[in-house]
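Please examine the sequence and the structure shown below.

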Amino acid sequence: MVNIVLPVDFGEKTDQLLEGAVRFAKQINGRIYLIHVAPSDIGFAIGDMGFQYFPEVEENEIREELVQLNKLQQKILAGGVDCEHILKQGLAKDIILEHARDKKADFIVMGSHGRSGIYDVFVGSLTKGITKDSDIPVLVLPIHEKSEH
């Protein structure tokens, strides 16, 4: 069986990414390892007293993200592809690459929103970073709006 790591961010194009990953997994007899990386600073806020940590905020956010991951896993399983999932906290690129190595991934499947230029300068592109630093093949699926032209 071919191992596929599929990072998700729960954005508006996640379903489109899932559909493409499931199609790919079916074609190559793949198993999907779904991963979501939450930022390490979920429960932190800046207020009048400086940085404050609210563990209940972090717990609630993580709980909700696990619910979303479970739903995505069920969609993948319903599509006829074996799947397991994990949620980790930290720097997304590093966590995803480490997870891919741990799972002996044959592929990492990522989405491209089609943004470029100034957006990448200020925000950066996780897909670009993974593609640059991965020794595992990265399949990039276009999940952006198609132009009318």
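In this text, contact means heavy atoms within 4.5 Å. Helices (H or I, at least four residues) and strands (E, at least two) are DSSP runs, numbered from the N terminus. The model is predicted, so local features need pLDDT of at least 70 and side-chain atom pairs count only at pLDDT 80 or more, while totals for chains, interfaces and linings use all residues. Residues are numbered from 1 along each chain as its sequence is written, and side-chain values use heavy atoms, with hydrogens and water left out.

The protein chain has 5 helices and 7 strands. Read from the N terminus on, its elements run β-α-β-β-β-α-β-α-β-α-α-β. Among contacts between residues at least 6 apart in sequence, 75% join residues at least 24 apart. A residue is called buried under 20% relative accessible area, exposed over 50%, and partly exposed in between (1.4 Å probe, protein chains only). By this criterion, 36% of the 149 residues of the protein chain count as buried. The protein chain exposes about 9100 Å², of which carbon and sulfur atoms supply 53%; these areas come from the Shrake-Rupley method with a 1.4 Å probe, and for residues only the protein chains shown count as cover.

The sheet is described next. Strands of a sheet pair through backbone hydrogen bonds, either parallel or antiparallel. Here two strands are taken to pair if DSSP finds at least two bridges between them. An open sheet of 5 strands has the order β5-β2-β1-β6-β7, with parallel pairing. Because β5 (83-89) and β7 (138-142) stand at the edges with a single partner strand each, one side of each is left without a neighbour in the sheet. From one strand to the next, the twist averages 25°; axes are lines fitted to C-alpha atoms, for helices over the stretch in contact, and angles run from 0 to 180 degrees between N-to-C directions.

The pairings can be followed strand by strand. Strand β1 (residues 2-7) is joined to strand β2 (residues 30-38) by 6 bridges, and the two run parallel. Asn 3 has Arg 31 in β2 as its bridge partner. Between β1 and β6, which also run parallel, there are 2 bridges, and Val 5 stands opposite Ile 108 in β6. Ile 108 in turn stands opposite Val 138 in β7, where β6 and β7 pair in the parallel sense over 5 bridges.

Which strands does helix α3 lie across? Helix α3 (residues 92-102) lies across β1, β2, β5 and β6 (107-112), and runs at about 155° to β2. The buried residues of α3 are Ile 95, Ile 96, Leu 97, His 99 and Ala 100, and they pack against β1, β2, β5, β6 and α5. After α3 comes Lys 104, whose phi is positive, near 50°. Helix α5 (residues 126-133) lies across β6 and β7, running at about 150° to β6.

The loop between α5 and β7 contains Ser 134. With a relative accessibility of 17%, Ser 134 counts as buried. Ser 134 touches Leu 97 and Ile 108, not counting residues up to four places away in sequence. A polar atom of its side chain lies 2.7 Å from the backbone oxygen of Ile 136.

Helix α2 (residues 55-78) holds Gln 73, which is buried, with a relative accessible area of 12%. Leaving aside residues up to four places away in sequence, Gln 73 touches Leu 34, Cys 83, Glu 84 and His 85.

Helix α1 (residues 14-28) includes Arg 23. Is Arg 23 buried or exposed? Arg 23 counts as exposed because its relative accessibility is 54%. Arg 23 and Gly 80 are 57 residues apart in sequence, and their C-alpha atoms are 9.9 Å apart in space.

The structure also holds 1 aromatic pair. Phe 24 and Phe 107 form this edge-to-face pair, with 5.1 Å from centre to centre and 90° between the planes. The pair links distant parts of the chain, since Phe 24 is in helix α1 and Phe 107 in strand β6, 83 residues apart. Rings of Phe, Tyr and Trp (its six-membered ring) pair if their centres lie within 6.5 Å; planes under 30 degrees apart count as stacked, over 60 as edge-to-face and the rest as tilted. Phe 24 counts as buried at 14% relative accessibility, whereas Phe 107, at 26%, counts as partly exposed.

Technical notes:
A polar contact is a pair of N or O atoms within 3.5 Å; within protein, one must be able to donate a hydrogen and the other to accept it, and residues adjacent in sequence count only if both atoms are side-chain atoms.
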